[in-house]
Amino acid sequence: MKLLEERIKKDGVVKEGNVLKVDSFLNHRMDIELFNEMGKEWKRLFEGTEINKILTIEASGIGIAAVAAQYFKVPVVFAKKSKSVNLDGSMYTAKVESFTHKNVSDVIVSKKFLGPEDKVLIIDDFLANGCALEGLMKILEEAGAKLQGIGIAIEKGFQDGGRRIREKGVKLESLAIIESMDASTGEIVFR
Ligand code: 5GP
């Protein structure tokens, strides 16, 4: 998606450790006009696919998923990161290792809000090694819900997550795929 690529080139900052900072428009200050265009593009890409729920993960996924949901006209459920997992059986849980913070957290979704009747589109801001998505996919499996596709804003194509998830046969639509980026020059090349 040209608009997103141009914005990344203009305002994205490449940090050491393969981290791209996009906090001026995506995950701290949020450009809602851009989010609207992203939502429309996912709607176009998933036209004809039956979707009755969007699943994302806190925190950065929530804003883009909420805006996108207006085009799909479906509710959004976000997986919560939790320090203490409630073991009373009322929650689906998965462990997710954070790429940016390097810690492992439990993510939870209430069984009230996800079940076998659901046809789900997952939306998230970044795809790096794929741990966040694999956690969400595990939760869908536990719930007996159907994964209909995944929409990602920025995929770092030089990391492994995208390849692993596409190999499972999942329809994965990333709006911008970064082929390479260089912290010393700031150069970003898109696929
Ligand atoms: P993964 O689980 O695919 O390794 O990483 C996905 C999660 O890590 C995303 O939800 C995002 O919050 C965070 N993340 C991964 N790479 C980056 C990055 O380069 N920049 C930022 N800002 N977040 C990232």
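Visitor: What share of the contacts in the protein with a separation of 6 or more is accounted for by residues 24 or more positions apart?
Guide: The model is a predicted one. Contacts are counted here for heavy atoms within 4.5 Å. Among those with a separation of 6 or more, the share from residues 24 or more positions apart is 61%.

Visitor: How compact is the protein for its length?
Guide: The protein contains five helices and 10 strands. Its radius of gyration is 16 Å, and the globule rule gives 16 Å for 191 residues. The two values are close, so the protein is as compact as a globular protein of that length.

Visitor: What percentage of the residues is buried?
Guide: Buried here means under 20% relative accessible area. Of the 191 residues in the protein, the buried ones make up 48%.

Visitor: How are helices H2 and H3 oriented to each other?
Guide: H2 covers residues 32-45 and H3 covers residues 60-72, and their axes lie 8 Å apart at an angle of about 50°. Angles from 65 to 115 degrees would count as roughly perpendicular, and those under 35 as roughly parallel. H2 and H3 are therefore oblique.

Visitor: Which residues meet between H2 and H3, and how many of them are nonpolar, polar and charged?
Guide: The H2 side includes Phe35, Met38 and Trp42, while the H3 side includes Ile64, Val67 and Tyr71. Lys40 and Lys43 in H2 also take part. By class, the contact has two charged, four polar and nine nonpolar residues.

Visitor: What is the handedness of the crossing of H2 and H3?
Guide: The crossing concerns the pair whose axes are 8 Å apart. H2 passes H3 in a crossing that is right-handed.

Notes: Residues are numbered from 1 along each chain as its sequence is written. This is a predicted model: local features need pLDDT of at least 70, side-chain atom pairs count only at pLDDT 80 or more; totals for chains, interfaces and linings use all residues. Side-chain values use heavy atoms; hydrogens and water are left out. Axes are lines fitted to C-alpha atoms, for helices over the stretch in contact, and angles run from 0 to 180 degrees between N-to-C directions. Helices (H or I, at least four residues) and strands (E, at least two) are DSSP runs, numbered from the N terminus. Angles under 35 degrees count as roughly parallel, over 145 as roughly antiparallel, 65 to 115 as roughly perpendicular and the rest as oblique. A crossing is left-handed if the near helix is turned anticlockwise from the far one by less than a right angle, and right-handed if clockwise. Ala, Val, Leu, Ile, Met, Phe, Trp, Tyr, Cys and Pro count as nonpolar, Asp, Glu, Lys and Arg as charged, and the others, Gly among them, as polar. The radius of gyration is taken over C-alpha atoms; the globule rule is 2.2 Å times the number of residues to the power 0.38. Buried means under 20% relative accessible area, exposed over 50%, partly exposed in between (1.4 Å probe, protein chains only).
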